Amino acid sequence: MSLETYAQFYALLERQVGIQLDHTKKYLTDSRLAHLATEHGHDSVASLVKFLTTSPIGSLHWNAFEALTTNETYFFRDKQVFDGLAQTVLPQLIEARRSERALRIYCAAASTGQEVYSLLMMMRELFSDLKAWDVFVQASDISEGCLERAKLGVYNLKEVERGLPPEFLPKYFDKLPDGNFKIAAGIRDAVHFSRQNLLDEPAGYPKFDLILLRNVLIYFGNETKVRILKNIHKQLARDHGLLLLGATESLLSHANFRAESIGKVSFYAAV
Ligand SMILES: C[S@@+](CC[C@H](N)C(=O)[O-])C[C@H]1O[C@@H](n2cnc3c(N)ncnc32)[C@H](O)[C@@H]1O
């Protein structure tokens, strides 16, 4: 099988999902698609890849694309960011929305839910006034598997030991008979989960006061980043809304955002 077929498949992946892979990642493609190939009667990943590049896009394609996403996440990932949110950003946004008593938060590319649940636990801890507010929290991902896990809110011991302050475990999780931990219903039910491809413009979302788009732009090329940031720009509340990226990510020279440094963290406002 020539690398040409893999290259065609990577082009398809980039068009549909935005993720950029090339021949240097063939080992990754082979290991992540091996199970899917066997399950669908292909004797090799190369045979599956050939099939995918020569047939109309269907559910098998989306299963393959999903298998190639990287879903790494953990509770309170990047502590500096959560400190910045707690000490400056949320108080600032709460002040800006005090007359409406409404807050709109979007966690895009939320993977298995740890990020959005971290934010909600932190808000419960520090901003008890918000109980009386209309707080709308949206979380999305392209991966159905991740979304199912996020909605279920069940994590094993290793996952809750990764980043979660120990005192939050008895406070915000129920221990299940199988030894896993389920996020409390009051936190879980506060999140609206939906499948959203960042390449597409979402329909029916409100303007958000805060958007978290962390650790996902790194997988995309510059053109894709610009396309995604255009969508995100439309979703951010114009006067006070803030966008937060991952620690190693930047906006390139996207002119429609203005960087604001808060502590050691950069947030971006839509202009
Ligand atoms: C590394 S995780 C980041 C999770 C979380 N934001 C964090 O920082 O811990 C990246 C997530 O982006 C999602 N993703 C990749 N491409 C996407 C796309 N085109 N649209 C929406 N989500 C995408 C993946 O499914 C994955 O769950």
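## Ground rules

Helix axes here are lines fitted to C-alpha atoms over the stretch in contact, and angles run from 0 to 180 degrees between N-to-C directions. Helices are DSSP runs (H or I, at least four residues), numbered from the N terminus. Residue numbers count from 1 along each chain as its sequence is written. This is a predicted model, in which local features need pLDDT of at least 70 and side-chain atom pairs count only at pLDDT 80 or more, while totals for chains, interfaces and linings use all residues.

## Helix α2 and its partners

Let us begin with α2 (residues 26-39), which packs against α4 (residues 59-67) at an angle of about 150°, with the axes 9 Å apart. On the α2 side the contact is made by R32, L33 and L36, and on the α4 side by N63, A64 and A67 (contact: C-beta atoms, placed from the backbone, within 7 Å). By class, this contact has four nonpolar, one polar and one charged residues; Ala, Val, Leu, Ile, Met, Phe, Trp, Tyr, Cys and Pro count as nonpolar, Asp, Glu, Lys and Arg as charged, and the others, Gly among them, as polar.

Helix α2 also meets α3 (residues 45-53): the axes come within 9 Å and cross at roughly 80°, which means that α2 is roughly perpendicular to α3. Here T29, D30, L33, A34, L36 and A37 of α2 touch V45, S47 and L48 of α3. The contact of α2 with α3 has six nonpolar, two polar and one charged residues.

## Helix α1 against α3

The axes of α1 (residues 3-17) and α3 come within 9 Å, crossing at roughly 55°, so this pair is oblique. The crossing of α1 and α3 is left-handed. T5, Y6, Q8, F9 and L12 from α1 meet V49, K50, L52 and T53 from α3, a set that divides into five nonpolar, three polar and one charged.

## Two domains

An automatic or database domain assignment supplies the bounds, dividing the chain into domain 1 (3-67) and domain 2 (79-270). Their C-alpha centres lie 30 Å apart. Where they touch, five residues of domain 1 are in contact with 12 residues of domain 2. The domain 1 side of this contact has two nonpolar, two polar and one charged residues.

## Around the ligand

Now for the ligand, which has 25 residues around it, with T73, A109, S111, I142 and N215 coming nearest (a residue is near if its C-beta atom, placed from the backbone, lies within 6 Å). The shell divides into nine nonpolar, 11 polar and five charged residues. Domain 1 and domain 2 each contribute at least three residues to the shell.

Terms used. Helices (H or I, at least four residues) and strands (E, at least two) are DSSP runs, numbered from the N terminus. Two residues are in contact if their C-beta atoms, placed from the backbone, lie within 7 Å. Angles under 35 degrees count as roughly parallel, over 145 as roughly antiparallel, 65 to 115 as roughly perpendicular and the rest as oblique. A crossing is left-handed if the near helix is turned anticlockwise from the far one by less than a right angle, and right-handed if clockwise.
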